[in-house]
Number of protein chains: 2
Amino acid sequence: MVNKILKLNSRDRDILASTSLLKDLSPTAFNKVVDDVAVSSYEAKDLIFREGDAPEYFYTVLTGFVRAYRLNREGREADIAVYGPGDTFAETGIFNNTAYDFNAQAAEAVTLARFETASVAKLVTSNPEVAMALMMTLSSNLKNALECVADDRLHTAPQRVANFILKNCPDAAESARFRLPFQKSLLAGKLGLAPEALSRAFSSLKAAGVSVRGRVIEIKDVNALRRF
Amino acid sequence: MVNKILKLNSRDRDILASTSLLKDLSPTAFNKVVDDVAVSSYEAKDLIFREGDAPEYFYTVLTGFVRAYRLNREGREADIAVYGPGDTFAETGIFNNTAYDFNAQAAEAVTLARFETASVAKLVTSNPEVAMALMMTLSSNLKNALECVADDRLHTAPQRVANFILKNCPDAAESARFRLPFQKSLLAGKLGLAPEALSRAFSSLKAAGVSVRGRVIEIKDVNALRRF
DNA sequence: GTAACATTTTGATTTCGATCAAACGTCCTC
DNA sequence: GAGGACGTTTGATCGAAATCAAAATGTTAC
């Protein structure tokens, strides 16, 4: 129920060392950052933090997927991002100490590396390597967010789903098959769709040679899909 | 037609020195950054850069407004951000040297401070102050982008317009009046709406005490608007 | 294996905003 | 001030996706 907080074991250390946030750090810098890291585990649906909370921590996903979402006044939820293994989220708290501006929830069983915002904030000013790592992360998160706005505003539901599928196909391949890394309802949220709309989008993509069985997606002709 | 490129004059320097990107820099760091800055002016509708171009420069708006937008396959445009005085855009080019991922266009006559991506990239690694300034900028742009996704997904057109109006009202005020800083069609784009939808949203807000004459917005009761 | 439950799909309806078209205003030029 | 050009509003229609409801499929626990 309540998440367990543990010290980093060597397996987690290895995972962390391969994330885009930390992979380019020198051993010295890496150790400094990792010094204050804790590993926290959550069960599916557990809240990690709530919009409005003080941004005491930020996180890198080790395993599983995290859903970032906001509520409107009536309590309806809308996802604004999904973070998976290697992704870092809520790192803006380092730079302005205002409250989290979204809710974060474990979409499934999840383990996270938990950084202390305040101590990393100090590190950043003194360690250029760490600063650079954070800039890369911020930059990549910014690109994704702008991409998301563009996708929402430019593309229909089937087009968004097609885009998502194509991002998961090896570029050169003629045909492809892959497994969704998470539930369809989470994918729907990520794409800004109701689950029903995702389901209908998949079925409209049958015409473009996409077949879906459970979580397995099969694409007859990747280039044909690219054209619609 | 083609934009003029000038060296920074002292007025531009003053404006730059007050932007959130540069305001906290020491004189030394400020001078280093500003060393390679050029001022470029554009007429309304001029393209500043195109999606796919090499990210040679990034920009801070000195005066006017810039529209960032993307195209879908059919050539329809969708705005993904609007940048005004003090805002910095396209700074992600510093961190990964991939092409610009949107088009930038002067929404009206505009002057920009133009930074060389490559030289700032070098500065960043050696100068912690500059790194910090960029992190603040990235962080703020990231927050805005996520806010935009949330707003698009959670709120109807009238609600988005109401939010925009409220952001431009002094917090405490009972009633308020202000002038739109740019054309309504640009506001429509910023909010992800067709101009017609913006117009209809304004007229539906009459019921909440909002009256519009030209660019002047008048709000009878700010708190009432907050409730719808 | 079956019951209980969660997730996904399908169907019917409604709603919001896009689009097309035309009228209206405003600003600028000549 | 007449004439445009452009921006905005209004009207009518259309389409995409949300919502509500129910069926179907999948998963888990016992």
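Trainee: How do the residues of the surface near DNA strand D divide into nonpolar, polar and charged?
Mentor: This is a predicted model, in which local features need pLDDT of at least 70 and side-chain atom pairs count only at pLDDT 80 or more, while totals for chains, interfaces and linings use all residues. A residue is near a strand or molecule if its C-beta atom, placed from the backbone, lies within 6 Å of it. Nonpolar covers Ala, Val, Leu, Ile, Met, Phe, Trp, Tyr, Cys and Pro, charged covers Asp, Glu, Lys and Arg, and the others, Gly among them, are polar. On that basis the surface near DNA strand D has seven nonpolar, six polar and five charged residues.

Trainee: Which residues come nearest to DNA strand D, and which elements give two or more residues to the surface near DNA strand D?
Mentor: Residues are numbered from 1 along each chain as its sequence is written, while chains are lettered from A and ligands numbered from 1 in the order written. Of the 18 residues around DNA strand D, those that come nearest are A:Thr156, A:Ala197, B:Lys184, B:Ser185 and B:Ser199.

Trainee: Which element gives the most to the surface near DNA strand C?
Mentor: There are 18 residues around DNA strand C, and those that come nearest are A:Lys184, A:Ser185, A:Ser199, B:Thr156 and B:Ala197. Helix H6 (184–190) and H7 of chain A, together with H7 of chain B, each give two or more residues to that surface. By class, the surface near DNA strand C has seven nonpolar, six polar and five charged residues. The element that gives the most, with six residues, is H7(A).

Trainee: Which element provides the largest share of the side of chain A that touches chain B?
Mentor: Counting two residues as in contact if their C-beta atoms, placed from the backbone, lie within 7 Å, 33 residues of chain A contact 33 residues of chain B. Strand S6 (77–83) and helix H4 (128–154) of chain A each supply at least two residues of this side. The largest share, 19 residues, comes from H4(A).

Trainee: What relation holds between chain A and chain B, given a turn of 180°?
Mentor: When the copies are superposed by least squares on the C-alpha atoms of residues with pLDDT of at least 70 in both, chain A can be laid on chain B with an RMSD of 0.0 Å by a turn of 180° and a shift of 0.0 Å along the axis. That is therefore the relation of a two-fold axis.

Trainee: Which residue of chain A comes closest to the rotation axis?
Mentor: The same surface serves both copies, with 100% of the contact residues of chain A recurring in chain B. At 2.4 Å from the axis, judged by its C-alpha, the closest residue of chain A is A:Leu142.

Trainee: Are H4(A) and H4(B) roughly parallel or roughly perpendicular to each other?
Mentor: Their axes (lines fitted to C-alpha atoms, for helices over the stretch in contact, with angles from 0 to 180 degrees between N-to-C directions) lie 9 Å apart, and the helices pack at an angle of about 25°. Angles under 35 degrees count as roughly parallel, over 145 as roughly antiparallel, 65 to 115 as roughly perpendicular and the rest as oblique. H4(A) and H4(B) are therefore roughly parallel.

Trainee: How are H5(A) and H7(A) placed relative to each other, roughly parallel or roughly perpendicular?
Mentor: Helix H5 (residues 157–167) of chain A packs on H7(A) at an angle of about 75°, with axes 9 Å apart. H5(A) and H7(A) are therefore roughly perpendicular.

Conventions
Helices (H or I, at least four residues) and strands (E, at least two) are DSSP runs, numbered from the N terminus.
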